[in-house]
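Biologist: I am new to this structure. Please take me through the labels attached to it and show how each one is reached.

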Amino acid sequence: GFAGIAVGSTMTGNRPIVEYMTFNFSLVGIDQIINNAAKIRQMSGGQFKCPIVFRGPTASAGQLAATHSQAFESWYANCPGLKVIVPSNPYDAKGLLATAIEDPNPVLFFEHKALYRSIRQDVPTDYFTIPFGKASLLKEGENITIITYGAGVHWALEVLENNSDISADLIDLRTLQPLDKEAIINSVKKTGKAIILQEDSLFGGIASDISAMLMEECFEHLDAPVKRVASME
């Protein structure tokens, strides 16, 4: 109901935000998201835009059952017409959310449950935006590229802080659709190795697409196979 009402309201000039208690519940409105929100602009020949934001918690946290612990970012990133955003920190969350609200297209904004109460950061009170499709290079190194997003950023940071001998580029994707392919490719061409980290299960995740892209674009620069790290199937 929320999803359908919001999609309809965009056609009268509104910019609604639909908030899910957890993105697992977005499956109930997936027809409105996939077949309505993502398609209106194309099916109306550009007559109608769909500036709508679907936002809410994603993935796992303490004391949650299987139906509340899923990660659907790669599902939605596979649908033409949708933009998919996964911030890893409060500063990015504010700037990317402002961009999402301004965007004339439907945006899915995933906020990791475990980060709500564990990550703190000073955020400017002034209004600011962060462009989509621009990854953040959090650490620079020479030996390997680590590509991740959301809570995976903090897992990677912890490993690097506890293993100072690892010289790595750490890339926080921030947005999965659009994807900053240039940042990924340039880093892997420099380091010659890549690990892609996601909380989603291994098969069919965003890591699979990035791995395939690196094999196509960086094969002659790779010194080892691309490694995907993910949850159990």
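Predicted model: local features only at pLDDT ≥ 70, side-chain atom pairs only at ≥ 80, totals over all residues.

Biologist: Which residues make the contact between α7 and α8?

Modeller: From α7 come K181, I184, I185, V188 and K189, and from α8 come I210, M213, L214 and E217. Sorted by class, this contact has 6 nonpolar, no polar and 3 charged residues.

Biologist: What makes α1 roughly parallel to α2?

Modeller: The axes of α1 and α2 cross at roughly 25° and come within 8 Å. Angles under 35 degrees count as roughly parallel, so α1 is roughly parallel to α2. This crossing, too, is described as right-handed. The contact is made by A3, G4 and V7 of α1 together with Q32, N36 and A37 of α2. It divides into 3 nonpolar, 3 polar and no charged residues.

Biologist: How do you know that the buried residues of α1 are on the same side of the helix?

Modeller: The buried residues of α1 (residues 2-10) are A3, A6, V7, S9 and T10. Around the axis they cover an arc of only 165°, which puts them on the same side of α1. As a general point, an α-helix has 3.6 residues a turn, so residues three or four places apart point the same way.

Biologist: What do the buried residues of α1 pack against?

Modeller: They pack against β1 (17-19), α2 (30-37), α3 (40-43) and β2 (53-58).

Biologist: Why is D172 called buried?

Modeller: The cut-off for buried is under 20% relative accessible area. D172 has a relative accessible area of 0%, so D172 is buried. This residue is found in strand β7 (residues 168-172). Leaving aside neighbours within four places in sequence, D172 is in contact with S88, N89, D92, A135, S136, L138, T148, Y149, G150 and V153.

Biologist: What makes A59 and R174 count as buried?

Modeller: A59 is at 2% relative accessibility, and R174 has a relative accessible area of 11%. Both values fall under 20%, so A59 and R174 are buried.

Biologist: What is noted about the phi of A59 and of R174?

Modeller: A59 has a positive phi of about 65° although it is not a glycine. R174 likewise has a positive phi of about 65°, and it is not a glycine either. A59 lies in the loop between β2 and α4 (73-77), while R174 is found in the loop between β7 and β8.

Biologist: Where is the cis peptide bond, and what is its omega?

Modeller: The bond from Q177 to P178 is cis, with omega near 10°. P178 has its place in the loop between β8 (175-177) and α7.

Conventions:
Residues numbered from 1 in each chain as written. Heavy atoms only, no water. Contact = heavy atoms within 4.5 Å. Helix = DSSP H or I, 4+ residues; strand = E, 2+ residues; numbered from the N terminus. Nonpolar A, V, L, I, M, F, W, Y, C, P; charged D, E, K, R; others polar. Buried < 20%, exposed > 50% of the residue type's maximum accessible area, 1.4 Å probe, protein only. Arc of directions from axis to C-beta. Axes fitted to C-alpha atoms, helices over the stretch in contact; angles between N-to-C directions. Parallel < 35°, antiparallel > 145°, perpendicular 65-115°, else oblique. Left-handed = near helix turned anticlockwise from the far one by under 90°.
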